[in-house]
Amino acid sequence: MQRAYGKCLGLYFVRPYDLPVTSPRRRLVAAFILLLLEAVAFALLVTESVTGAIAAAGITCVSLWVHLVLHECGHLVMAKLLRLPIIAVRIAPFTGWRSEVWVRPTPSTTALPLRMVLFYLGGPIANLCTATVLGTATASTSTPLTRAALLGAAFVAALLGVANLIPGISPRSDGRNLLRWLFAPTASRAALQAGYYQEEVSRTLRTIAREEVGDHRLGDPVRGGNDPRLALAAFQRRWSTGHAHSAADLIADAERLAALARADSTDPMAAAAIAQVLTVQFGLWYLYAAVVNGSPVQHQEVLEISELARLAFHVQPHALSARVAMSLAHLLNQQPEHARSLLLDIRPGVDPPDLCNVAFLLRAIAECYLGNHADAATLIRVAGGDYQQLTQVVAAIQAADPVPPLFASAPRVDA
Ligand SMILES: [Zn+2]
């Protein structure tokens with residue numbers, strides 16, 4: 001599960017947006033105290049009165065809250081002007097939550113890199129404009145207290161604007177993101193698309209897991225040890241919030257999980273559950289790598305995925321999730337006729353809709369490879385538009401002439 005998947009993961013880890021996390025409060029408090037002390041010292045210098053200094057420092061510190069709000073408003077206004085779809089806005093300075101404006105642009109949007117650069121500039125620009133206005137206002141004021149307060153607030157605004165433009169290590173840093181869109185627009189667009197694709201993969205996995213977890217035969221999770229179901233649950237949790245982990249860690253996790261599935265001591269139902277998740281997660285990415293990145297899956301990976309898919313299929317040959325996993329392995333193994341025969345019976349009213357849509361799209365791929373383009377078009381229509389990225393992958397296969405190879409060079413294996 002190494003090569004092709006590692007390449008895809010590189011893309012996945014630059015997610016279009018992330019789940020909210022709390023920022024370290026201690027660092028925030030330390031920065032605030034530092035700011036307060038500096039503001040008092042500065043105000044003392046200008047006003048030469050202790051009361052005046054404290055008042056000016058107080059105003060300066062309160063202004064930070066206003067500048068943080070203005071920063072997010074800058075992003076928000078820019079997103080509105082650039083018609084970038086806004087999916088969430090959180091403005092909550094000093095609550096321990098990161099204030100943020102989330103946008104969800106379509107990868108094919110025209111001039112997307114320029115729009116994204118301007119969007120990330122929006123916040124810092126708002127701060128720098130405020131700093132200029134406040135700085136100019138100091139010239140027309142005569143009282144030292146007002147001047148100190150205005151200068152202090154202008155300084156804080158400028159500091160906030162500049163600090164956000166410095167490319168930090170955080171994936172959410174404005175500077176880092178705008179440089180990424182400026183200097184690597186193609187890779188950024190590809191990363192965005194890959195992020196959306198992983199969302200669809202995760203959605204499929206959640207549907208499969210719901211089928212498994214909802215099954216009373218699995219019983220209660222056992223505490224500690226190497227319990228395969230707990231290991232699988234942990235793996236899926238890490239995937240759904242995967243941004244904090246490295247690709248290598250997750251591949252190592254998957255290898256451990258695969259070993260658990262193969263172990264004789266593992267209950268067949270648990271082994272099947274693991275095998276399904278791994279096959280679908282990796283198989284869908286191999287498909288993407290072959291069609292979108294033009295790097296077909298290697299022989300070794302086909303063998304591994306076929307072995308896992310068989311594990312799941314032998315336990316529950318009639319379950320749609322197991323058939324989806326097995327058909328993925330057949331497709332990657334360039335045996336579309338086998339994939340098609342497994343997916344002839346899809347029951348939208350009985351099986352979960354998400355899983356049915358994926359099954360329709362996989363069958364559409366099989367039909368493309370078998371030359372049945374009209375059937376493929378019908379299946380794409382039946383699947384609806386819920387799986388946009390996967391639908392695009394299928395449409396790309398359908399439009400290609402000749403169809404792209406999913407499996408590289410090496411000889412066929414029977415799966
Ligand atoms: Zn920002």
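Helices α9 and α10 cross with a left-handed sense. This is a predicted model. The axes of helix α9 (residues 247-262) and α10 come within 8 Å, and the crossing angle is roughly 145 degrees. By class, the contact of α9 with α10 has 9 nonpolar, no polar and no charged residues. In the protein as a whole, the secondary structure comes to 16 helices and 2 strands.

**The α9/α10 contact**
- On the α9 side, the contact is made by Ala 254, Leu 257, Ala 258, Leu 260 and Ala 261.
- On the α10 side, Ala 271, Ile 274, Ala 275 and Leu 278 make the contact.
- Ala 275 also has partners beyond its neighbours within four places in sequence: Ala 261, Leu 308, Ala 309, Leu 311, Ala 312 and Ala 325.

**Nonpolar cores**
- The largest nonpolar core holds 77 residues.
- Within this core, Ile 274, Ala 275, Ala 325, Leu 361 and Leu 362 touch the most other members.
- Helix α10 gives the most to this core, with 18 residues.
- A second, separate core has 16 residues, including Ala 56, Ala 57, Leu 64 and Leu 151.
- In soluble globular proteins, nonpolar side chains tend to be buried together.

**Thr 279 in α10**
- Thr 279 sits in helix α10, which spans residues 268-291.
- Thr 279 counts as buried because 31 other C-beta atoms lie within 10 Å, and the cut-off for a buried residue is 20 or more.
- Setting aside neighbours within four places in sequence, Thr 279 is in contact with Ile 305, Leu 308, Ala 309, Ala 312, Ala 325, Leu 328 and Ala 329.
- Glu 307 is 28 residues from Thr 279 in sequence, and their C-alpha atoms are 9.3 Å apart in space.

**The α4/α6 packing**
- Helix α4 (residues 112-139) packs with helix α6 (residues 174-183) at an angle of about 160 degrees.
- The axes of α4 and α6 are 8 Å apart.
- Angles over 145 degrees count as roughly antiparallel, so α4 and α6 are roughly antiparallel to each other.
- The crossing of α4 and α6 is left-handed.
- From α4, the residues that meet α6 are Pro 113, Met 116, Val 117, Tyr 120, Leu 121, Gly 123 and Pro 124.
- From α6, the partners are Asp 174, Asn 177, Leu 178, Trp 181 and Leu 182.
- By class, the contact of α4 with α6 has 9 nonpolar, 2 polar and 1 charged residues.

**Ala 154 in α5**
- Ala 154 is placed in helix α5, residues 144-165.
- Ala 154 is buried, since 22 other C-beta atoms lie within 10 Å and the cut-off is 20 or more.
- Apart from neighbours within four places in sequence, Ala 154 is in contact with Ala 131, Leu 134 and Gly 135.
- Ala 154 and Leu 64 are 90 residues apart in sequence, with 9.8 Å between their C-alpha atoms.

**Whole-protein figures**
- The protein has 415 residues, and buried residues make up 40% of them.
- Among contacts in the protein with a separation of 6 or more, 70% are between residues 24 or more positions apart.

How values were computed. Residues are numbered from 1 along each chain as its sequence is written. This is a predicted model: local features need pLDDT of at least 70, side-chain atom pairs count only at pLDDT 80 or more; totals for chains, interfaces and linings use all residues. Helices (H or I, at least four residues) and strands (E, at least two) are DSSP runs, numbered from the N terminus. A residue is buried if 20 or more other C-beta atoms lie within 10 Å of its own, exposed if 12 or fewer, and partly exposed in between; C-beta atoms are placed from the backbone. Two residues are in contact if their C-beta atoms, placed from the backbone, lie within 7 Å. A nonpolar core is a set of buried Ala, Val, Leu, Ile, Met, Phe, Trp, Tyr and Cys residues joined through C-beta atoms within 7 Å. Axes are lines fitted to C-alpha atoms, for helices over the stretch in contact, and angles run from 0 to 180 degrees between N-to-C directions. Angles under 35 degrees count as roughly parallel, over 145 as roughly antiparallel, 65 to 115 as roughly perpendicular and the rest as oblique. A crossing is left-handed if the near helix is turned anticlockwise from the far one by less than a right angle, and right-handed if clockwise. Ala, Val, Leu, Ile, Met, Phe, Trp, Tyr, Cys and Pro count as nonpolar, Asp, Glu, Lys and Arg as charged, and the others, Gly among them, as polar.
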